[in-house]
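Student: Could we go through this structure together? I would like to begin with the terms and then turn to individual residues.
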Amino acid sequence: SQELLRKYEQQISYFSEKMAEDQFAKQHITDSIYKYKYDVYERCEGQVLEKLYYPECYGSINGLAFSTCGKYLAIGFGCGEFKICDKEGRRLFSPMYYGERSKILCVRHLPNHGQPIFVGSTRSGGILVCMYEYPMWMTWEFMQEAPNEINSFDVNLTGSKLVTGGKDATLRLYDFHTGKLIHKFKRRDMDCDKLIQLYLNNMEDRDDGHYRRIYAIKFRDEEIFLSGGNDNTVKIWDLRACNNPVQNIYGPHICGDALDILDSKILTGQWTHSESVEIWDLRTSRKLRTMSPKNRRQIFVNEFPYCCRFMRYTDPRGIPHGHGDLIGIGGSGLGAMEVQSISYNSIAHKFLEEGQIITLAQFENLIVYGTSNGVLGLCNFYSAKETLELDEEEGEIEADIGEELYSTEVEEEQRSDEYTTGRRSHPRMTSLLDMSISSIEETSPTESGTTSTTSTKSSTISTDTNESTVLLGKTSSIVYGKPESEHSIKAGGDEEKTLSSSESLSEVSDEETTTSSSTDDDDDDIQDEVKMREDSAQNNLKLLKKQKNAFLRQKLSREKVK
């Protein structure tokens, strides 16, 4: 019997070791195959921009909300304090608080207002309003629901109505402008006899509201909103039929801000270890999909989501099915903030985080999450098509700049050769040359044959030779040669003739001085214009080189970031 027991123990130990080896081999294979990105999202780029660690006195981060323009981010802490972050100016504001502080549980942004206004709910049942009043941000208590604990609320699209829900499982509708209670929705009657009759008759109780704590409220438009909580139901309400819910979705056990709606799709995150995220149809209340990503480790994974939401983009480039394909999820068992694709049932990207992610906010490519340890994470997520288009645009810009640089260099070389060798006459220079020749012909008298011949010779010479030599050398010889010949011809005359010759000489000398001064001014203008054109061409070339260097630096920095 002892020998049989020994053999049995050896067999058990052998099989247990064998099973452990097989288990570790499977885990090794899954670790080697597993990757965060999948299919069309393989080229997606995600990075953690910054992590802010707040001290323990601030408590957990329970609410986050972006303004409509995305410039401001409101942060609600467990200590009951608001923080306003200016994303563009990289500044953090601490609003002036009026009233008693209590733990902030939810934060929303008030839409359709010219200035950013944020609203928050507290554990003591208060509704806070945070807004900017020159010269500072201010926070005060707008209304009170004592002794209720408001875990969630939401404002409709026009910002005129507000619905609250919390510990007492009762939904209340307020006029946000006046703060007055408009309607109080029914709470579900927990009569045992009624529940037994409903159960025996296989009937659904559609007449009443929630009977446990409400954790999530979300408006679809001005009249329709959703609510969910610990009673394993998501109820769809219409303000035009105030008393009873329009539809019920049974199943989701919601324990945080894990409810969202986009068009006709409803996103829920229930408090379970697996298959916790589900997509529902608003019109039929049927389940469309249960998220169980293909590229996630199935060993030692517990989801337990606290928050989930649809990723919304104004320009959804790179998303195969447009809006509603990507969702953001955070919880206590994932160990990360995940971006999942509904159509591919996979993880597009994940940002590792050790703490419990309680709240989540998104604006375009920027994703922000808050944890129970007071950690604020700022992440950036780019889609695949956007990175491809950026690369193509960079290549096109680089090619255009290269072509422009090449053409400008060739033109500069041609201009320098032409200005130095005088192969091509500038249009302004030729016009000035023609003007100078015509002025010379007009000023020279045509009485003798020598003057006409010299003028014609000067015109022929000016067309054949370089314009600079004509303007500087030939014109002066033409002007100064004619008076000497006239003086030699009229030298043997009478005194009157000598007087007339002297008068003509004085007139000719005056004309000579005027023509010489005009030609000198024209020469100076031409040289100044040539210098200006050369300087402008060199400056343009320098600017293009600077633009090219700046572009190459930006490209290198982007490649480093990738």
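Tutor: A definition comes first: a residue is buried under 20% relative accessible area, exposed over 50%, and partly exposed in between. Please keep in mind that this is a predicted model.

Student: Then is methionine 96 buried, exposed or partly exposed?
Tutor: Methionine 96 is partly exposed, because its relative accessible area is 42%. The residue lies in strand S6, which covers residues 96-98.

Student: Which nonpolar patch on the surface includes Met96?
Tutor: Met96 forms a nonpolar surface patch with Tyr98 and Met136. Together, these residues have about 280 Å² of accessible area.

Student: And what is the accessible surface of the whole protein?
Tutor: The total is about 31100 Å², and carbon and sulfur atoms contribute 51% of that surface.

Student: How many of the residues are buried, as a percentage?
Tutor: The protein has 562 residues, of which 41% are buried.

Student: How many helices and strands are there?
Tutor: There are 7 helices and 29 strands. As for contacts with a separation of 6 or more, 52% are between residues 24 or more positions apart.

Student: Let us change topic. Where is asparagine 156 found?
Tutor: Asparagine 156 is in the loop that runs between strand S11 (150-155) and strand S12 (161-166).

Student: Is asparagine 156 buried or exposed?
Tutor: Asparagine 156 counts as buried because its relative accessible area is 1%.

Student: Which backbone atoms does the side chain of asparagine 156 reach?
Tutor: One is the backbone nitrogen of serine 160, at 3.0 Å. Another is the backbone nitrogen of lysine 161, which lies 3.1 Å from a polar atom of that side chain.

Student: What else is asparagine 156 in contact with, leaving aside its neighbours within four places in sequence?
Tutor: Its contacts then are Pro111, Lys161, Phe219, Asp221 and Glu222.

Student: Now the rings. How many aromatic pairs does a search of the whole structure find?
Tutor: The search finds 14 aromatic pairs. One of them joins tyrosine 54 and phenylalanine 77 edge-to-face, at 4.9 Å centre to centre and with 70° between the planes.

Student: Why does that pair tie together parts that are apart in sequence?
Tutor: Tyrosine 54 lies in the loop between strand S1 (45-53) and strand S2 (61-66), while phenylalanine 77 lies in strand S3 (residues 72-77), so the pair ties together parts 23 residues apart in sequence.

Student: Are tyrosine 54 and phenylalanine 77 buried or exposed?
Tutor: Tyrosine 54 is buried, at 13% relative accessibility, and phenylalanine 77 is buried, at 0%.

Student: Which residues do ring pairs link into a cluster?
Tutor: The cluster consists of Tyr72, Phe118, Tyr132 and Trp137.

Note on methods. Residues are numbered from 1 along each chain as its sequence is written. This is a predicted model: local features need pLDDT of at least 70, side-chain atom pairs count only at pLDDT 80 or more; totals for chains, interfaces and linings use all residues. Side-chain values use heavy atoms; hydrogens and water are left out. Helices (H or I, at least four residues) and strands (E, at least two) are DSSP runs, numbered from the N terminus. Buried means under 20% relative accessible area, exposed over 50%, partly exposed in between (1.4 Å probe, protein chains only). Contact means heavy atoms within 4.5 Å. Accessible areas come from the Shrake-Rupley method with a 1.4 Å probe; for residues, only the protein chains shown count as cover. A polar contact is a pair of N or O atoms within 3.5 Å; within protein, one must be able to donate a hydrogen and the other to accept it, and residues adjacent in sequence count only if both atoms are side-chain atoms. Patches are made of residues with over 30% relative accessible area and no salt bridge: like charges are joined within 9 Å, nonpolar side chains (Val, Leu, Ile, Met, Phe, Trp, Tyr) within 5 Å. A salt bridge is a side-chain nitrogen of Lys or Arg within 4 Å of a carboxyl oxygen of Asp or Glu. Rings of Phe, Tyr and Trp (its six-membered ring) pair if their centres lie within 6.5 Å; planes under 30 degrees apart count as stacked, over 60 as edge-to-face and the rest as tilted.
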